[in-house]
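Trainee: I have a new model open and would like to learn how to read it. Could you walk me through it, one feature at a time?

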Amino acid sequence: MRLAELADGQASIAADAVALTEHALDTHLTALDRAWLCHCRDKLRRRAGQLTDRLVAAALEEGLSQAEARRILASGDIGALLRALGQRPHSSGPRRYRATLYRRDAAKRWPDPLEALNRLIEPVQLDNDVKNVVSRWIDTTSKLRRRRLKDQDDAKLREAFVELVFKARALRRSSHVRNYTPRGDKTHYSQIDVESVQSWLVEGVNNPTFLPQISRYRTLSLKVSPLPSVSPALSRRIQSEATNQELTLILVPGLHEEQRRQIHDRLATASLAGPVALIDDLDLCRLLNVGGEAPDPLLALLELVAEQQRWSRFCPYEVVEGQHVRLEMFVGRQTEAEALATRATYSRIFSGRRLGKTALLRFVEGNPNLKTLPSGNNLRVVFCSIAGMETEQAVARAILSAVGELLDVKNGLDASDPVEHLKSTLPQRLAEHPDVSLLLLLDEADTFFAAQIESPTSERQQSLSWWMSRHAEEIRDQAGLPRIRFVFCGYLRTDQNRGVWENKGDVLLLGPLDADGAVELAAGPLARLGIDAREQADNIAFRCGYQPAVIIRFGLSLIEHLERTRPRQDREQVTVTAKDVVDVFLSNAVQNAIYEICWLNFVGHPRGKLIFAGLLMELQGRVPSAAIDDAPERILAHIQAVEGFDPTELGGEAWADLVRQELRGLVDRSLIVQTSHRPDEYRLRFPHHLPVLVQREPARHIRDALKRLRASGGTQQPTWLLSESVLESVRFCLSDLAVEADVRGAAVASHWLPPLVDADNGLARRLGLANGSDGTRVLTGKAAINALETLESRTEPVLLIGGSELARGAQRLQSRAGPIDLARTGRLSKGQVDSWLRRRRAAEFTALNPLDPIMRCTAGIPILVARFDELLATAHPEAPTLDAEALNGLVAALEASYGEIAAQLTTEGSELHLTLRERELIHMVARASEEFGDDLAAALRADIIEAGPRRFGPQDGDAIQVLLALGLLPRSPTRSGSPLDEVAPLRVDDPVLRIVPPSAG
């Protein structure tokens, strides 16, 4: 990549054009063609010269000399230029991320490894474990030169090796080592559970070990090759030693390098049940570091195992759902983790997307070194996701569930008032255990946090957050640290010092990793595989913006790239080159990761998205490192150039103040930086990401943000499955005024009942009702259906919630002027579906307009939205981030379940059951819609369609109302009158036609 390509998005096109003109000038041309091509070439060269001058000027502003700036420019070193124009980290230089020498280096150091091992046992003062292993190794080598090992010949070597690596007897771990002597020609072996190996590894070296992939296997088996090293059957025998769910280590004393290569070639092309690793003479020298300081033997051994595996099956990098970085891969943030665990400084955590909030919480939860407080108390850390939870009751139940086993809290989930139960139980349990302190880390807390800070001032001191932030902290340990602490974590609202959180605790703003942590994450995992990225680690970390999620994506792509470009025989020591880094950085996977992580910051935040997109459009025409000093005016001009826009649409706040507020938020999200000597100047934090961020037209994001902002129209966005108008109607039916009008109840019927009957967020809670209070009863299921018969005798109203049968009964009663009102529910709007998925499931979508495919396959029909929600919760249980592929997979799974849903709708006795006539009416409406459009009602009345065994009649009005209430027929937003008049035309691709079989069926 040349420097000009960084400076201007058109530069790469210009470079190609110059090359084409140069080539064309070497061909036979007319004088006119030649003159035109020369003119184009010269103009392109002048443009490139202007770009380089601007780059030099920008570098001079950063303090570089003219000569240094020109030298960098001439060299084409993009890394050097970026450090000059942006952050300038200290070079890490060569670092040692390995426990052992790379094999190629080891071969130079110990050209005759067996001789080196013989020399090692000559000194009198030698560690007994080392001496024992080396002696047994040399003895076994001698035997294998003459014959195959006899039964139990290998036992002493295995025992000595286990003691050296696992310190089995010394650390009382011998009970975890199981020895097996199978009958027949089977190899004897020792076996240890990988879970134990992992815990011993952390005890010895602590995390990060960069070896998360060993957790995929259940056991580690240690064997000694029974065949002589010259046996032609050796490679076949070693291949046969692999078993399912096991890491298999085979000690092969005396193995020659050529034989080792042949065995590895066979293993690489074979389909193995589990990974196999060989330990030969040279590997033992590396394990012991003969002549030098010995590494941790367990870490060294696992490193030797990792470097021998196929990179594709033993890759330490992985993109984990929810971005939960494994503890073995967690780097940096040590200071923040210690502050969270041992001090009461922070009450909230805030950062942009994918910067490691959840990983930090998981690290604090799982780090054994953060379990003892300065007072000597044992710290119990509880991680609890409260994604999508809004009410205090829901959050209290989630906390009680999370601490249930830890503190023996068993009855909280059934408590009538979980909030009060939480407030009383936690202090009581801690009083019973005075040496225990509790830290609760509440992840994905934006929904609850917003509800709490926006609560009325009069209610704040009675709120759950007030108790969490004040009263809960009154119990202190001997060092003065609160014994109950709550920390909220989010990316939308947890940075706000408002409401109950005003002046209460600091906000921990997480930015990208520091340079050292990012370099360690870039180079450390690769080193375990024998890939040397030390010289390029700074370059990789900087290009990735020090963002852990991008570095992980880069590492995964780099391994895939190296697997394609490096010969198999060289894979135990590969050096990453500058070209490798450029090729991987420009790959679609890494570019998409940078793009998606950036725009994920604006899920649920359209105003910030609008401002950032406008800022990108301004930078698009400048050098990427340019500073913007008049942002409000320039951003407004770009927004108005895309689409007509009046700043007053965003409320009464002054435009300049609004932009500065959002820019401050972008600084907190680590997307831009504020110039220290000019506080009104802003620039991209990582200027080299600009070509990625603008490659898909920032104007699209401006239109999307305006669309979302205008959809709200200054009114409250849908927050639930029932609209405010329906809730108000139900509320009236349960009031004293309704009783005076002889209304004794309201019926709410749906094919998606769980949200309606939810104890914390259901219909009764939203109406301010509780079962048995205020003279109101809430009945569901059969009880609701039976209550229809006794409504007239009731003196107080009742709320009935149920499915198809309740809808039919309530509609029949209502049509006879009975004392019931069937709520005008129906299909869900796009806004309601969007609100449910984002607020309740905390789902994020990386693609633009992600609701379009969801609405196409559900049409807002509650039974289909319910199934989509079920599939989402099953496949992605915690705050998922869905790319286009994952979303399409859910849509395909929903469509594949249409047949199952159809069976439920036709099964008698089910709450979902439709009668034969109801199914006939759906297809009659479909046929009338196809032929007559908006005139479908008239067509049905006139009986001029060829569908259905009998014509539509007045007796079908009740069935139509039931279908409208259940959302199986769409309701017209403009027409009213008879039930049929309220039906909107059915599209030919409406999914209801795929879940309701024709009446003939």
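Mentor: Helices here are DSSP runs of H or I with at least four residues, strands are runs of E with at least two, and both are numbered from the N terminus. Please keep in mind that this is a predicted model, in which local features need pLDDT of at least 70, side-chain atom pairs count only at pLDDT 80 or more, and totals for chains, interfaces and linings use all residues. Residues are numbered from 1 along each chain as its sequence is written, and side-chain values use heavy atoms, with hydrogens and water left out.

Trainee: Is Thr858 buried or exposed?

Mentor: Buried means under 20% relative accessible area, exposed means over 50%, and partly exposed is in between, using a 1.4 Å probe and protein chains only. Thr858 has 0% relative accessibility, so it counts as buried. Leaving aside neighbours within four places in sequence, Thr858 is in contact (heavy atoms within 4.5 Å) with Leu864, Val865, Phe868, Leu894 and Pro991.

Trainee: And which class does Glu697 fall into?

Mentor: Glu697 is partly exposed, with a relative accessible area of 48%. This residue sits in the loop between helix H29 (690-693) and helix H30 (698-712). The C-alpha atoms of Glu697 and Met617 are separated by 8.6 Å, although the two are 80 residues apart along the chain.

Trainee: How do I read a pair of packed helices?

Mentor: Two packed helices are described by the angle between their axes and the distance between the axes. Axes are lines fitted to C-alpha atoms, for helices over the stretch in contact, and angles run from 0 to 180 degrees between N-to-C directions. Take helix H7 (residues 113-120) and helix H13 (residues 281-288): they pack at an angle of about 45 degrees, with their axes 8 Å apart. That makes H7 oblique to H13; angles under 35 degrees count as roughly parallel, over 145 as roughly antiparallel, 65 to 115 as roughly perpendicular and the rest as oblique.

Trainee: Which residues make the contact of H7 with H13?

Mentor: From H7 come Pro113, Leu114, Ala116, Leu117 and Leu120, and from H13 come Asp281, Leu282, Leu284, Cys285 and Leu288. They divide into nine nonpolar, no polar and one charged. Here Ala, Val, Leu, Ile, Met, Phe, Trp, Tyr, Cys and Pro count as nonpolar, Asp, Glu, Lys and Arg as charged, and the others, Gly among them, as polar.

Trainee: Now the sheets, please. What is the strand order in the open sheet with parallel pairing?

Mentor: Two strands pair if DSSP finds at least two bridges between them. This sheet has five strands in the order E7-E8-E9-E6-E10. Strand E7 (378-385) and strand E10 (506-510) stand at the edges, each with a single partner strand, so one side of each has no neighbour in the sheet. The twist averages 20 degrees from one strand to the next. Eight bridges join E7 to the parallel strand E8 (residues 436-443), and Arg380 stands opposite Leu438 in E8.

Trainee: What covers the buried residues of helix H16?

Mentor: The cover includes helix H15 and strands E6, E7, E8, E9 and E10. Seven of the 10 residues of H16 (residues 357-366) are buried, among them Leu360, Leu361 and Phe363.
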